[in-house]
Amino acid sequence: MSLLAFNTVDRLDRPSAYYAGKNKRRRYNERDEEREREQEESTSKLNNATTLYVGNLSFYTTEEQIHELFAKCGEIKRLVMGLDRFNKTPCGFCFVEYYTHQDALDCLKYVGGTKLDERIIRTDLDPGFEEGRQYGRGKSGGQVRDEYREEYDPGRGGYGRAYDEQRQREEDEYGAGR
Amino acid sequence: MVIEAEEEEEEEEEGASAVTEVNDDDFDRRPQRRRYEEPLFVQVRRQLLTIAESAARRVEDDIMGVAKSVAENYDDEELRDTFVNISLELVLEQPMKIPFVAAITLVAYNLKAELGAEVLKKAGAALQKYIDSGSWREVKLLLRFFGGLQPLFEGDGVFPLLEELFARAVDLQTASSEDLLGLELVKIIQFTIPYVMVSPAIGFESQALALLEKTDIIASTPHALVDLVNTFSPDENKEASGPSVISLLQNQLQGEASAGWELKCLPRPWKGVQEIEKDEQDPNQKPFEPVNKVSFPEINVPNPVPNGTRPLFPEVYISVYANQEIDTVPPPSDITSLLLRDALVDTINLLDFNRVATAKFLIDVDCYFTPYTFVKRATPFDRMRDLAGEGQSWKPEDIAVDAVFSQLYQLPTPEHKLVYYHSVLTECCKIAPAAIAPSLGRAIRFLYNNLETMDLELSNRFLDWFAHHLSNFGFTWKWSEWVDDLDLPAIHPKLAFVHGALDKEIRLSFAQRIKGTLLEQYIPLITEGKEKDTPEFKYLSEMTPYSKEGQEIMQLIRKKAGDEEIQPVIASIEEQAQSLGVEDPKIPSTDALVTSICFVGSKSLSHVLSCIERNKDRLLAIGPVSERARCQIITSVMEYWSDQPGIAINIIDKLLNYTIISPLSVLEWALSESLDAGTVLAKSHIYEMISATVGKVTNRMRQIVAARTQSGLYEPQLSVLDETLARERVEMQTLFRFIEDAIVSVASGSNDELMERGDGSGDLPEDAIIRQWGRRWLRVFRRKGAVEEAFITDALANATPVGTAAPPAQTDAAEDAGDDGDIKIADADEQ
């Protein structure tokens with residue numbers, strides 16, 4: 001309805017810098033024009049996106065809780081929990097698919113950055129779920145961010161796994177040396 | 001601080017063009033040098049965008065600064081365009097800044113008439129477009145802007161256009177007593193007048209008064225629909241049901257007219273500028289009375305005027321701070337109440353794409369009105385007592401929170417999804433917790449204390465918001481306040497609220513966590529069953545009839561057995577039931593099947609969905625054979641999850657999508673089978689389930705209407721869609737009639753079960769409460785029914801009539817529109 005060319009404050013329903021950056025990094029070495037064209041294409045994939053990637057969930061947050069919050073933006077068509085690819089247990093992310101693009105945008109605006117299960121969650125527009133994407137891509141099966149995290153996060157399995165292993169090793173070696 | 005901000009701004013400006021180069025100089029370790037030169041248009045852009053935002057700067061200086069920069073560099077096209085565009089964008093997106101933008105335009109006109117004329121030209125073009133598309137809020141904002149520029153115009157300036165709008169309103173009102181567009185036009189006229197009167201123009205009192213005398217007839221006549229959208233039904237609470245906004249505003253304006261248009265909350269930033277100007281220039285010159293005035297832009301108001309996409313309803317004024325021992329917000333008799341409300345509500349609804357910015361504007365509301373309108377931020381309620389009295393000022397936080405609640409409580413529906421308004425309140429609390437939290441506390445108290453008479457739709461919105469809000473703030477609430485209410489009967493609206501709120505909190509979290517946030521007295525409300533992830537499977541007990549078969553079915557479903565294995569067990573139950581003389585043997589077999597599905601699928605929603613999916617055909621076959629068995633599907637789900645009704649209604653929702661159960665069967669289950677003398681009406685999850693079910697039907701109806709009314713549609717598709725629409729419309733009406741018939745007896749106390757309660761006198765204290773629940777339910781669903789009927793009628797009024805054949809050249813379009821009568825749903829708005 002608005003005739004405005006641009007908004008006087010930023011919009012919260014844009015794809016994140018992560019999405020744009022991911023595509024940029026990938027084609028760092030390609031020819032400029034091609035790069036530009038593909039970047040446009042990758043953003044246009046989101047023009048009718050009805051799916052959201054949801055991050056920073058606690059490992060203990062259930063589908064029902066996610067449903068309860070996200071249904072406030074519209075009926076949910078599908079909810080895919082992110083799983084540890086070895087244990088098949090929740091690993092702190094999910095995909096929420098709505099019936100309409102508008103519902104997905106509204107979710108970015110109204111739910112992204114608010115709390116679920118007492119954690120600030122992150123939402124990002126996503127071109128759509130594909131089989132395989134529900135699994136963590138980290139070395140030990142979970143999300144990459146949970147490999148090297150140096151902070152203790154009780155909702156996400158304590159310390160990062162790789163970091164924790166290294167810490168354990170160092171502690172053991174130190175003990176053995178004494 | 002300021003320097004940092006400038007740097008950021010510059011980065012942002014460059015960002016767009018330099019996206020691909022950002023990483024190129026990874027190896028360039030030279031210290032970043034400060035860049036001092038910023039293009040002028042960037043500087044002006046920032047100054048303009050942030051006008052009046054800082055209490056630390058004199059806004060007059062910024063007004064002068066911007067106008068001068070642009071006027072002195074009139075040849076800089078980029079600068080000029082930036083100035084003109086951003087001025088209008090601010091008018092249309094940040095209404096609280098309109099008086100300041102108008103002041104800049106006034107000064108700019110004074111310094112360089114061509115520049116001012118450019119703004120006027122563009123604003124005029126925008127106004128025309130918005131009138132043509134029926135975007136009345138935008139029209140209101142642009143007229144407000146023009147009103148602030150009144151001294152620039154020849155003759156009566158903005159008044160003739162207001163008169164013309166009034167003439168249209170009269171036409172509309174004369175044509176139909178149900179007309180709402182005319183009321184909207186009157187509202188626009190009313191809200192424009194104050195801004196004309198605080199402009200530097202003088203001598204327009206008689207025009208304003210003449211206009212007000214005219215609007216009085218329309219504004220003061222009560223509209224039939226006002227009662228329908230009132231926060232409190234006049235039947236339940238005559239005193240609390242508020243007046244319509246236009247009738248209230250009419251009185252306020254008449255009061256202002258007789259008090260010389262004091263309008264003490266509205267800023268007059270041009271006055272400060274005038275002072276500066278006087279110092280610098282000839283003291284006798286009147287800065288805002290230009291010698292060469294311009295004519296008001298030529299605006300054509302179509303007849304009849306169109307309405308935009310949003311259906312109109314009357315608005316009522318509601319404040320969650322009414323009847324406090326000390327007033328913290330302006331009373332409805334003071335025009336300050338509506339002027340602030342109007343500007344805040346528009347800000348909230350226009351900026352839904354950035355709730356953080358919205359919250360910031362709400363917190364900063366005191367920057368945009370006269371300083372003496374408000375007390376200092378975060379003034380405690382108790383301190384307000386000392387400040388009360390003549391020339392009282394108001395609490396900015398309360399005014400901000402009040403405005404958000406007015407939208408959360410908008411009937412029949414607010415402009416945006418309810419969760420948007422939740423998120424604005426959350427952000428406000430994040431920005432200024434110490435200031436906002438106590439205001440929210442008093443709002444909650446008001447709403448809680450008025451639960452009994454409040455519109456039922458709204459008390460459920462309150463419930464939903466309350467639980468969601470607490471979930472963002474560690475579930476902390478002063479439960480001690482309501483301890484005494486725990487002794488009320490379970491069906492009392494207050495205790496029903498507490499029950500409902502705790503259930504909703506649990507749904508967003510988990511029972512044990514919520515238990516930990518409660519006082520001891522509340523612990524019994526969190527039953528043992530609520531803490532169980534997997535409710536018991538009743539067939540495990542040998543006391544349950546058909547327990548052996550129930551267990552067998554459960555095992556078969558667990559190992560994903562095929563139909564050929566399940567069927568014999570089902571048949572065995574039915575045979576036994578038959579021999580026991582059970583009237584409908586399908587009922588016990590359905591119970592065993594559905595309870596087993598619930599149990600096996602209890603791990604998560606996707607588990608239960610895949611169980612349903614695997615047994616879909618069997619489930620789908622139940623309804624057509626036996627209506628009562630179909631009802632049993634619902635009973636089994638609701639019983640299995642009786643301690644966690646949130647999960648139950650979620651499953652019911654999915655079963656509706658699969659058409660395993662029908663909307664009518666859900667209504668029958670709740671309002672007939674489970675009515676329980678009407679006490680079921682006190683359960684918030686039942687209301688939620690019925691609303692969701694009805695919502696599903698009305699949404700579908702609206703999609704069909706959208707398909708039927710899309711342009712470029714011809715025969716034979718027109719007739720096909722028309723038939724679908726007629727059929728579905730009848731079904732929708734059946735649903736509403738069912739609700740009406742089921743509840744009307746509860747509301748009137750003539751329900752059989754209700755009459756048999758206690759001594760049968762119908763005089764038990766609880767009987768009165770039950771009747772009240774009945775009346776409140778009726779009100780909500782009668783309104784929903786009326787709104788949907790009105791929507792369909794309105795939409796069809798402009799639809800291509802049935803029988804219209806495609807013009808020869810456009811056959812392609814018709815074919816596109818839908819083959820084989822398939823309903824093509826083009827972007828049907830979920831509203």
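Biologist: Which residue of β3(A) does A:Val54 stand opposite?

Modeller: In this predicted model, A:Val54 faces A:Cys94 of β3(A).

Biologist: How many bridges join strand β1 to strand β3 of chain A?

Modeller: There are 4 bridges between β1, residues 51–55, and β3, residues 90–98, and the two strands of chain A are antiparallel. In general, the strands of a sheet are held as pairs by backbone hydrogen bonds, in either a parallel or an antiparallel sense.

Biologist: What is the order of the strands in the open sheet of chain A?

Modeller: The order is β2-β3-β1-β6, which gives 4 strands with antiparallel pairing. At the edges of this sheet are β2 (76–83) and β6 (122–126) of chain A, and each of them pairs on one side only. From one strand to the next, the twist averages 25°.

Biologist: Which helix packs on that sheet?

Modeller: Helix α3 of chain A, residues 63–70, packs there and touches β1, β2, β3 and β6 of chain A. The direction of α3 makes about 140° with that of β2(A).

Biologist: Is β2(A) mostly covered or mostly uncovered?

Modeller: β2(A) is mostly covered, as 6 of its 8 residues are buried.

Biologist: How do β2(A) and β3(A) pair?

Modeller: They pair over 6 bridges in the antiparallel sense. One bridge pair consists of A:Leu83 and A:Pro90, the latter in β3(A). The two strands form a hairpin, with 6 residues between them.

Biologist: Is A:Lys88 buried or partly exposed?

Modeller: A:Lys88 has a relative accessible area of 44%, so it is classed as partly exposed.

Biologist: And where does A:Asp117 lie?

Modeller: A:Asp117 is in the loop between β4 (115–116) and β5 (119–120) of chain A. It has a positive phi of about 55°, although it is not a glycine. A:Asp117 is buried, because its relative accessible area of 15% is under the 20% cut-off.

Biologist: Which part of chain A does the RRM annotation cover?

Modeller: According to the unreviewed UniProt entry, the domain annotated as RRM covers residues 50–128 of chain A. Over those residues the chain is 23% helix and 39% strand, and the end C-alpha atoms are 7 Å apart.

Biologist: Turning to chain B, which residues does a cis peptide bond join?

Modeller: One such bond joins B:Leu411 and B:Pro412, with omega about 0°. B:Pro412 is in the loop between α16 (396–408) and α17 (418–431) of chain B. A cis peptide bond also joins B:Glu715 and B:Pro716, with omega about 5°. B:Pro716 is in the loop between α31 (684–709) and α32 (717–748) of chain B.

Biologist: How many disulfides does the structure hold?

Modeller: Over all chains, the structure holds 0 disulfides. For B:Cys265, the nearest cysteine sulfur is that of B:Cys367, 15 Å away. For B:Cys598, the nearest cysteine sulfur is that of B:Cys611, 9.2 Å away. A disulfide requires the sulfur atoms to be within 2.5 Å.

Biologist: Does B:Cys265 count as buried or exposed?

Modeller: B:Cys265 counts as buried because its relative accessibility is 2%. B:Cys598 likewise counts as buried, at 1% relative accessibility.

Methods
Residues are numbered from 1 along each chain as its sequence is written. Chains are lettered from A and ligands numbered from 1 in the order in which they are written. This is a predicted model: local features need pLDDT of at least 70, side-chain atom pairs count only at pLDDT 80 or more; totals for chains, interfaces and linings use all residues. Side-chain values use heavy atoms; hydrogens and water are left out. UniProt positions are given in the numbering used here, feature names are shortened, and annotations may be inferred rather than shown by experiment. Two strands pair if DSSP finds at least two bridges between them. Axes are lines fitted to C-alpha atoms, for helices over the stretch in contact, and angles run from 0 to 180 degrees between N-to-C directions. Contact means heavy atoms within 4.5 Å. Buried means under 20% relative accessible area, exposed over 50%, partly exposed in between (1.4 Å probe, protein chains only).
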